[in-house]
Amino acid sequence: MTTVSPIHTARSARSANTARCTVVSSDEGVPLVTGERVEYANFDYAASAPCLTPVAEALAEALPYYASVHRGAGHHSRVSTEAYERARRSAARFLGTRPADAVVFVRGTTDALNLLARSVPEGCTVVVFESEHHASLLPWGHPAARAGRVVRLPPPATPERAVEAARAALRAAPEGPRLLCVTAASNVTGEIWPVEELVAAAHAEDARVVVDAAQYVPHLPFSLEATGADYVAVSAHKLYAPFGSGVLAGRADWLRDAAPYLSGGGATRLVTEHDVVWNDLPARHEAGSPNVLGAVALAAACDTLTPATQELLHIRESVLLERLRAGLAGIDGVTELTLWGEEHPRVGIVSFTVEGLPADLLAAALSAEYGIGVRDGLFCAHPLTRRLLPGGHAQAVRASLGVGTTGEHVDRLVGAVADLCARGPRWEYVDCDGRLVPVPDPGQVL
Ligand SMILES: Cc1ncc(COP(=O)(O)O)c(C=O)c1O
């Protein structure tokens, strides 16, 4: 079997400081339907991770100074411009960029991949696995995208088959530019994809590779230089920093030759009555007033999560993940979703179904009766999730871990699933705008 190791980094190994890796959370606990309050057991990191303490500190420091970036002569504008460009350097370091790579601030991974879809050379063939998150599956076919052909490959049965299928599809593509889009870690199963092998196969066919690392970088170090990948896309809100910021980093040429992603101030060098001269990278694709606080927050997360720190956090998380998976595996009627089997390396994500309990009811009961937050549904990866669901299930529940997860949270989740499996929910739940809510609801805030 292809060994899928964590994507090692070329970043200099700075010392680990896991003591700084705590998350900001309310200590008021969350209400249960019984009226009690318990500590919130957040198992929804893969949707959005809570803010790291150093991120909150960096934001608090930046707040008194934030002002327009690259526009003003005033002191605060100069401070903000410096903070914004420093943030770009932090993101570059975190993603292991090469000296000539572009680092463009975007709103998140979806935005990053849509930007790339509009920047590939006209007529480019894009190869993508159907198992991708919709953010990496769909942008290539958008009317504004420049791809000439999108080849969708079925979810591969093994990592080796993924590499073979990608190589074959790229080889069969017509002459011209080609791009392979691949996720580093699945948001459904947490399984780690063989990125380095896929990059090698694609490069052998003269194709480029973009890595959707949204779910990977919160858990493990990633490096463009070390993997050889051509582009990487990430989101701040999965990386312990608030919403609204992300990065597309990678080869500058396609991005430089493309039309600006948005038209407006900042992306322009000169505008006359008849003509526009667009800016070079990265400003070319950053029209509008930049999200300086988003960039500062993202950079603080990047600076906190050094490779050494991430490796220690990963060891801790792996212990918790195994405890969770073993606990769930011991409950009759629980089925874990997996593409490549139980032994395949993964980040802290586990999706599962429970016999006789629809996912939405299970998720609602976990929240209302146990103070546990999970995600239910098809996780914006409909083709993959549908394919992995056992018969009779329309949706699954996803539990995802991060730096604030504790052993007590894991044990509470396993105990709650076992209870719900054995006895069912203790409360009534009704549909309210498409979500199940408990009735009566004496303890809840809403
Ligand atoms: C693997 C993966 N890619 C892309 C995205 C989209 O990220 P965003 O919503 O921040 O654009 C997600 C979000 O869940 C994801 O899990």
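Where does His70 lie? In this predicted model, His70 is in the loop between α1 and α2.

**Figure 1. The backbone at His70 and Asp433.** Two residues other than glycine are shown, each with a positive phi value: His70, near 60 degrees, and Asp433, near 55 degrees. The loop that holds His70 runs between α1 and α2, whereas Asp433 belongs to the loop between β18 (428-432) and β19. His70 has 17 other C-beta atoms within 10 Å and is therefore classed as partly exposed. Asp433 has 5 C-beta neighbours inside 10 Å, so Asp433 counts as exposed.

**Figure 2. Helix α1 and its buried side.** The helix spans residues 53-62, and its buried residues are Pro54, Val55, Ala58 and Ala62. These residues lie on the same side of α1, because they cover an arc of only 105 degrees around the axis. Among the elements that cover the buried residues of α1 are α2 (75-94) and α9 (292-304).

**Figure 3. The covered helix α3.** Helix α3 comprises residues 109-117, and nine of its nine residues are buried. The buried residues are Thr109, Thr110, Asp111, Ala112, Leu113, Asn114, Leu115, Leu116 and Ala117. Their cover includes the helix α4 (134-137) and the strands β4 (102-106), β6 (147-153), β8 (208-212), β9 (231-235) and β10 (246-250).

**Figure 4. The shell around the ligand.** Of the 14 residues around the ligand, those that come nearest are Gly108, Thr110, Ala135, Asn187 and Ser235. The elements α3 and α4 each give two or more residues to this shell. By class, the shell holds 10 polar residues, three nonpolar residues and one charged residue.

Figure 5. The protein is divided into domain 1 (18-50 + 307-439) and domain 2 (54-304). Their centres, taken over C-alpha atoms, are separated by 29 Å. Domain 1 brings 34 residues to the contact, and domain 2 brings 28 residues. On the side of domain 1 that touches domain 2, the elements that give two or more residues are α10 (307-329), β14 (349-354) and α12 (382-388). This side of domain 1 consists of 20 nonpolar, 10 polar and four charged residues.

**Figure 6. The largest nonpolar core.** Of the 138 residues in this core, Leu198 and Ala301 touch the most other members. Helix α9 supplies the largest share, 10 residues. The core lies between domain 1 (18-50 + 307-439) and domain 2 (54-304), because both domains give residues to this core. Beyond its neighbours within four places in sequence, Leu198 is in contact with Ala162, Val163, Ala166, Leu180, Val182, Trp193 and Val209.

Figure 7. The peptide bond from Leu281 to Pro282 is cis, with omega near -10 degrees. Pro282 is placed in the loop between β12 (276-278) and α9. A cis peptide bond also joins Val439 and Pro440, where omega is about -10 degrees. Pro440 is found in the segment after β19 (435-439). Another proline, Pro174, is in the loop between α5 (159-172) and β7 (178-183). Pro174 counts as exposed because it has 9 C-beta neighbours inside 10 Å. Pro174 and Arg149 are 25 residues apart along the chain, and their C-alpha atoms are separated by 9.3 Å.

Conventions:
Residues numbered from 1 in each chain as written. Predicted model: local features only at pLDDT ≥ 70, side-chain atom pairs only at ≥ 80, totals over all residues. Helix = DSSP H or I, 4+ residues; strand = E, 2+ residues; numbered from the N terminus. Buried ≥ 20, exposed ≤ 12 C-beta atoms within 10 Å, placed from the backbone. Contact = placed C-beta atoms within 7 Å. Near = placed C-beta within 6 Å. Nonpolar A, V, L, I, M, F, W, Y, C, P; charged D, E, K, R; others polar. Arc of directions from axis to C-beta. Domains from an automatic or database assignment. Core = buried A, V, L, I, M, F, W, Y, C linked by C-beta atoms within 7 Å.
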